[in-house]
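Colleague: I would like to go through this model with you. Please tie each term to its cut-off.

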Amino acid sequence: MQSTEHVVVVGGSSGMGRALAAELVAQGSEVTVAGRSTGKLDAVRRELGVPTVAMDIGVEQDVERLFKTTGTVSHIVTTAADISGAYQLISEYDVNSARSAVDSKLLGPLLLAKHGAPLLEPGGSIVFTSGIAAYRPGPRASVVAALNGGLASLASALAVELAPIRVNVVSPGWVDTPIWQHVAGDATAETVAAMAARLPAGRIGRTKDIADAIIALLRNGFITGTVLHADGGHRLV
Ligand SMILES: NC(=O)c1ccc[n+]([C@@H]2O[C@H](COP(=O)([O-])OP(=O)(O)OC[C@H]3O[C@@H](n4cnc5c(N)ncnc54)[C@H](OP(=O)(O)O)[C@@H]3O)[C@@H](O)[C@H]2O)c1
(Lines give C-alpha, C1' and ligand atoms only; values in the text may rest on other atoms or scores of the structure.)
Protein backbone atom coordinates (compact mmCIF):
# COMPACT_ATOMS: atom_id res chain seq x y z
CA MET A 1 0.00 0.00 0.00
CA GLN A 2 1.31 3.44 -0.89
CA SER A 3 2.03 5.69 2.10
CA THR A 4 0.19 9.00 2.45
CA GLU A 5 1.64 11.91 0.50
CA HIS A 6 3.35 14.47 2.77
CA VAL A 7 3.66 18.03 1.48
CA VAL A 8 5.58 20.86 3.16
CA VAL A 9 4.05 24.28 2.49
CA VAL A 10 6.22 27.22 3.50
CA GLY A 11 3.94 30.27 3.54
CA GLY A 12 0.95 28.03 4.27
CA SER A 13 -0.35 30.28 7.05
CA SER A 14 -1.91 32.87 4.70
CA GLY A 15 -3.27 33.49 1.23
CA MET A 16 -2.42 30.99 -1.50
CA GLY A 17 -0.33 28.73 0.71
CA ARG A 18 -3.17 28.50 3.21
CA ALA A 19 -5.60 27.57 0.42
CA LEU A 20 -3.13 24.96 -0.83
CA ALA A 21 -2.76 23.43 2.62
CA ALA A 22 -6.57 23.30 3.02
CA GLU A 23 -7.06 21.69 -0.39
CA LEU A 24 -4.36 19.08 0.23
CA VAL A 25 -5.84 18.20 3.61
CA ALA A 26 -9.27 17.85 1.95
CA GLN A 27 -7.69 15.44 -0.54
CA GLY A 28 -6.23 13.29 2.25
CA SER A 29 -2.60 14.43 2.14
CA GLU A 30 -0.45 15.05 5.17
CA VAL A 31 0.69 18.67 5.28
CA THR A 32 3.25 20.56 7.33
CA VAL A 33 2.80 24.33 7.28
CA ALA A 34 5.70 26.70 7.96
CA GLY A 35 5.89 30.46 8.38
CA ARG A 36 7.18 33.08 10.79
CA SER A 37 4.20 34.33 12.77
CA THR A 38 3.20 31.93 15.54
CA GLY A 39 -0.23 33.57 15.74
CA LYS A 40 -0.99 32.71 12.11
CA LEU A 41 0.44 29.21 12.55
CA ASP A 42 -1.72 28.62 15.65
CA ALA A 43 -4.81 29.47 13.60
CA VAL A 44 -3.82 27.05 10.82
CA ARG A 45 -3.10 24.27 13.31
CA ARG A 46 -6.48 24.82 14.92
CA GLU A 47 -8.47 25.14 11.70
CA LEU A 48 -6.76 22.53 9.49
CA GLY A 49 -5.38 20.18 12.16
CA VAL A 50 -1.90 20.13 10.59
CA PRO A 51 1.51 20.38 12.27
CA THR A 52 3.26 23.71 11.91
CA VAL A 53 6.85 24.92 12.18
CA ALA A 54 7.78 28.51 13.01
CA MET A 55 10.70 29.45 10.80
CA ASP A 56 12.10 32.07 8.47
CA ILE A 57 12.73 30.68 4.98
CA GLY A 58 15.69 33.04 4.54
CA VAL A 59 17.57 31.68 7.58
CA GLU A 60 19.53 28.51 6.79
CA GLN A 61 19.39 27.06 10.33
CA ASP A 62 15.61 27.47 10.28
CA VAL A 63 15.32 25.57 7.00
CA GLU A 64 17.53 22.78 8.38
CA ARG A 65 15.35 22.61 11.51
CA LEU A 66 12.20 22.46 9.38
CA PHE A 67 13.40 19.34 7.57
CA LYS A 68 14.69 17.75 10.78
CA THR A 69 11.10 18.07 11.99
CA THR A 70 9.46 16.67 8.85
CA GLY A 71 11.84 13.86 7.86
CA THR A 72 11.09 12.35 4.43
CA VAL A 73 8.60 14.33 2.33
CA SER A 74 6.77 13.88 -1.00
CA HIS A 75 6.74 17.49 -2.18
CA ILE A 76 8.01 20.90 -1.08
CA VAL A 77 6.17 24.12 -1.93
CA THR A 78 6.92 27.71 -1.03
CA THR A 79 4.51 30.61 -1.35
CA ALA A 80 6.45 32.65 1.24
CA ALA A 81 7.16 36.28 0.45
CA ASP A 82 8.01 39.31 2.55
CA ILE A 83 7.84 42.13 0.04
CA SER A 84 6.95 44.76 2.61
CA GLY A 85 9.79 47.14 1.65
CA ALA A 86 10.35 46.01 -1.92
CA TYR A 87 8.07 48.31 -3.93
CA GLN A 88 10.03 51.54 -4.51
CA LEU A 89 10.95 53.81 -7.38
CA ILE A 90 14.47 53.07 -8.58
CA SER A 91 15.50 56.72 -8.22
CA GLU A 92 15.12 56.52 -4.44
CA TYR A 93 15.66 52.80 -3.88
CA ASP A 94 16.89 51.87 -0.40
CA VAL A 95 18.64 48.60 -1.20
CA ASN A 96 18.54 47.38 2.41
CA SER A 97 14.77 47.31 2.34
CA ALA A 98 14.87 44.84 -0.54
CA ARG A 99 16.78 42.23 1.44
CA SER A 100 13.80 40.55 3.11
CA ALA A 101 12.22 40.15 -0.33
CA VAL A 102 15.42 38.67 -1.76
CA ASP A 103 15.74 36.33 1.22
CA SER A 104 12.14 35.16 1.23
CA LYS A 105 11.51 34.88 -2.50
CA LEU A 106 14.89 33.80 -3.97
CA LEU A 107 17.44 32.68 -1.38
CA GLY A 108 14.77 30.93 0.70
CA PRO A 109 13.73 28.71 -2.23
CA LEU A 110 17.41 27.97 -2.83
CA LEU A 111 17.78 26.86 0.81
CA LEU A 112 14.63 24.75 0.58
CA ALA A 113 16.10 22.93 -2.41
CA LYS A 114 19.48 22.53 -0.71
CA HIS A 115 18.13 20.98 2.48
CA GLY A 116 14.86 19.51 1.24
CA ALA A 117 15.93 17.70 -1.94
CA PRO A 118 17.85 14.96 -0.05
CA LEU A 119 14.64 14.14 1.84
CA LEU A 120 12.32 13.89 -1.17
CA GLU A 121 10.74 10.52 -1.94
CA PRO A 122 10.93 9.07 -5.48
CA GLY A 123 8.56 11.07 -7.70
CA GLY A 124 9.00 14.07 -5.46
CA SER A 125 8.98 17.67 -6.61
CA ILE A 126 9.54 21.26 -5.57
CA VAL A 127 7.33 24.24 -6.49
CA PHE A 128 8.33 27.89 -6.12
CA THR A 129 5.94 30.85 -6.45
CA SER A 130 6.89 33.75 -8.68
CA GLY A 131 4.32 36.23 -10.07
CA ILE A 132 2.99 38.43 -12.83
CA ALA A 133 5.32 41.32 -11.91
CA ALA A 134 8.03 39.48 -13.87
CA TYR A 135 5.99 39.78 -17.07
CA ARG A 136 3.81 42.89 -16.58
CA PRO A 137 5.77 45.06 -14.16
CA GLY A 138 4.54 48.46 -13.09
CA PRO A 139 6.55 51.34 -11.64
CA ARG A 140 8.18 50.48 -8.26
CA ALA A 141 8.17 46.75 -9.11
CA SER A 142 11.78 46.34 -10.26
CA VAL A 143 12.94 44.14 -7.40
CA VAL A 144 9.84 41.98 -7.29
CA ALA A 145 9.96 41.60 -11.09
CA ALA A 146 13.61 40.56 -10.91
CA LEU A 147 12.98 38.04 -8.14
CA ASN A 148 10.01 36.51 -9.94
CA GLY A 149 11.97 36.29 -13.17
CA GLY A 150 14.94 34.81 -11.33
CA LEU A 151 12.80 32.01 -9.92
CA ALA A 152 12.08 30.75 -13.43
CA SER A 153 15.81 30.43 -14.09
CA LEU A 154 16.43 28.90 -10.68
CA ALA A 155 13.80 26.23 -11.34
CA SER A 156 15.27 25.46 -14.79
CA ALA A 157 18.75 25.04 -13.35
CA LEU A 158 17.60 22.92 -10.41
CA ALA A 159 15.38 20.76 -12.62
CA VAL A 160 18.56 19.71 -14.41
CA GLU A 161 20.83 19.50 -11.37
CA LEU A 162 18.39 17.66 -9.10
CA ALA A 163 16.76 15.39 -11.74
CA PRO A 164 14.76 13.19 -11.44
CA ILE A 165 13.36 15.51 -8.78
CA ARG A 166 11.03 17.88 -10.65
CA VAL A 167 11.30 21.61 -9.98
CA ASN A 168 8.62 24.02 -11.20
CA VAL A 169 7.24 27.50 -10.65
CA VAL A 170 3.68 28.76 -10.41
CA SER A 171 3.29 32.38 -11.50
CA PRO A 172 0.11 33.88 -10.07
CA GLY A 173 -1.63 36.92 -11.45
CA TRP A 174 -3.46 39.23 -9.06
CA VAL A 175 -5.14 37.47 -6.16
CA ASP A 176 -6.74 39.41 -3.31
CA THR A 177 -4.72 38.30 -0.27
CA PRO A 178 -3.16 40.15 2.71
CA ILE A 179 0.00 40.76 0.65
CA TRP A 180 -1.85 43.56 -1.19
CA GLN A 181 -1.49 45.82 1.83
CA HIS A 182 2.20 46.09 0.85
CA VAL A 183 1.45 46.69 -2.82
CA ALA A 184 -1.45 49.15 -2.92
CA GLY A 185 -2.42 49.77 0.72
CA ASP A 186 -5.77 51.53 1.05
CA ALA A 187 -6.13 51.64 -2.73
CA THR A 188 -6.23 47.82 -2.92
CA ALA A 189 -9.99 47.37 -3.53
CA GLU A 190 -10.22 49.84 -6.41
CA THR A 191 -6.89 48.76 -7.96
CA VAL A 192 -7.92 45.12 -7.94
CA ALA A 193 -11.44 45.84 -9.27
CA ALA A 194 -10.01 47.84 -12.19
CA MET A 195 -7.73 44.92 -13.08
CA ALA A 196 -10.59 42.43 -12.88
CA ALA A 197 -12.42 44.41 -15.56
CA ARG A 198 -9.38 44.24 -17.88
CA LEU A 199 -8.54 40.57 -17.56
CA PRO A 200 -9.68 38.01 -20.15
CA ALA A 201 -10.89 35.88 -17.22
CA GLY A 202 -13.17 38.76 -16.12
CA ARG A 203 -12.08 38.55 -12.52
CA ILE A 204 -8.96 38.46 -10.42
CA GLY A 205 -7.70 35.20 -9.00
CA ARG A 206 -8.96 33.26 -6.01
CA THR A 207 -6.48 31.57 -3.71
CA LYS A 208 -7.94 28.19 -4.73
CA ASP A 209 -7.09 28.91 -8.40
CA ILE A 210 -3.44 29.03 -7.43
CA ALA A 211 -3.70 26.06 -5.07
CA ASP A 212 -5.16 23.97 -7.91
CA ALA A 213 -2.37 25.08 -10.27
CA ILE A 214 0.27 24.04 -7.72
CA ILE A 215 -1.41 20.67 -7.20
CA ALA A 216 -1.34 20.13 -10.98
CA LEU A 217 2.43 20.69 -10.89
CA LEU A 218 2.86 18.29 -7.96
CA ARG A 219 0.86 15.50 -9.58
CA ASN A 220 2.04 15.63 -13.21
CA GLY A 221 5.23 13.57 -13.37
CA PHE A 222 6.16 14.85 -16.83
CA ILE A 223 6.37 18.56 -16.00
CA THR A 224 9.69 19.93 -14.81
CA GLY A 225 11.67 23.15 -15.20
CA THR A 226 8.58 25.09 -16.25
CA VAL A 227 6.52 28.10 -15.22
CA LEU A 228 2.77 27.59 -14.97
CA HIS A 229 0.98 30.93 -15.40
CA ALA A 230 -2.23 31.10 -13.37
CA ASP A 231 -3.01 34.73 -14.14
CA GLY A 232 -6.43 34.99 -15.80
CA GLY A 233 -4.72 36.04 -19.04
CA HIS A 234 -2.95 39.02 -17.46
CA ARG A 235 0.13 38.57 -19.70
CA LEU A 236 -2.07 39.17 -22.74
CA VAL A 237 -3.46 42.59 -21.81
N1 LIG B 1 -1.45 38.03 -4.07
C2 LIG B 1 -1.07 38.36 -5.30
O3 LIG B 1 -1.78 39.11 -6.01
C4 LIG B 1 0.20 37.84 -5.88
C5 LIG B 1 0.48 38.08 -7.22
C6 LIG B 1 1.65 37.55 -7.79
C7 LIG B 1 2.51 36.80 -7.01
N8 LIG B 1 2.23 36.59 -5.70
C9 LIG B 1 3.16 35.75 -4.94
O10 LIG B 1 2.44 34.63 -4.44
C11 LIG B 1 3.03 34.18 -3.21
C12 LIG B 1 1.96 34.05 -2.13
O13 LIG B 1 1.40 35.33 -1.91
P14 LIG B 1 0.11 35.55 -1.01
O15 LIG B 1 -0.65 36.61 -1.69
O16 LIG B 1 -0.53 34.25 -0.70
O17 LIG B 1 0.81 36.21 0.29
P18 LIG B 1 0.41 36.25 1.84
O19 LIG B 1 -1.06 36.06 2.02
O20 LIG B 1 1.04 37.47 2.38
O21 LIG B 1 1.15 34.96 2.43
C22 LIG B 1 2.56 34.90 2.51
C23 LIG B 1 2.94 33.81 3.49
O24 LIG B 1 4.36 33.70 3.54
C25 LIG B 1 4.79 33.72 4.91
N26 LIG B 1 6.12 34.32 4.93
C27 LIG B 1 6.47 35.58 4.56
N28 LIG B 1 7.79 35.76 4.71
C29 LIG B 1 8.28 34.59 5.19
C30 LIG B 1 9.57 34.16 5.57
N31 LIG B 1 10.63 35.00 5.47
N32 LIG B 1 9.73 32.90 6.00
C33 LIG B 1 8.67 32.06 6.10
N34 LIG B 1 7.42 32.42 5.76
C35 LIG B 1 7.23 33.66 5.31
C36 LIG B 1 3.73 34.55 5.63
O37 LIG B 1 3.63 34.29 7.01
P38 LIG B 1 4.58 35.12 8.06
O39 LIG B 1 4.53 36.56 7.66
O40 LIG B 1 3.97 34.83 9.38
O41 LIG B 1 5.93 34.54 7.91
C42 LIG B 1 2.47 34.05 4.91
O43 LIG B 1 2.05 32.82 5.46
C44 LIG B 1 4.14 35.18 -2.91
O45 LIG B 1 5.37 34.67 -3.40
C46 LIG B 1 3.75 36.41 -3.70
O47 LIG B 1 4.85 37.22 -4.03
C48 LIG B 1 1.11 37.08 -5.10
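Modeller: Start with Gly-11: a polar backbone atom of Gly-11 is 3.2 Å from an oxygen atom of the ligand. This is a predicted model, where local features need pLDDT of at least 70, side-chain atom pairs count only at pLDDT 80 or more, and totals for chains, interfaces and linings use all residues. Residues are numbered from 1 along each chain as its sequence is written, and side-chain values use heavy atoms, without hydrogens and water.

Colleague: Why is strand 4 called largely enclosed?

Modeller: Buried means under 20% relative accessible area (1.4 Å probe, protein chains only). Six of the six residues of strand 4 (residues 73-78) are buried, so the rest of the structure largely encloses this strand. Strands here are DSSP runs of E, at least two residues; helices are runs of H or I, at least four.

Colleague: How do you know that strand 4 and strand 5 pair?

Modeller: Pairing takes at least two DSSP bridges between two strands. Strand 4 and strand 5 (residues 120-129) have four, in the parallel sense, so they pair. Ile-76 stands opposite Ile-126 in strand 5.

Key:
Buried < 20%, exposed > 50% of the residue type's maximum accessible area, 1.4 Å probe, protein only. Polar contact = N/O pair within 3.5 Å; in protein donor to acceptor, adjacent residues only side chain to side chain.
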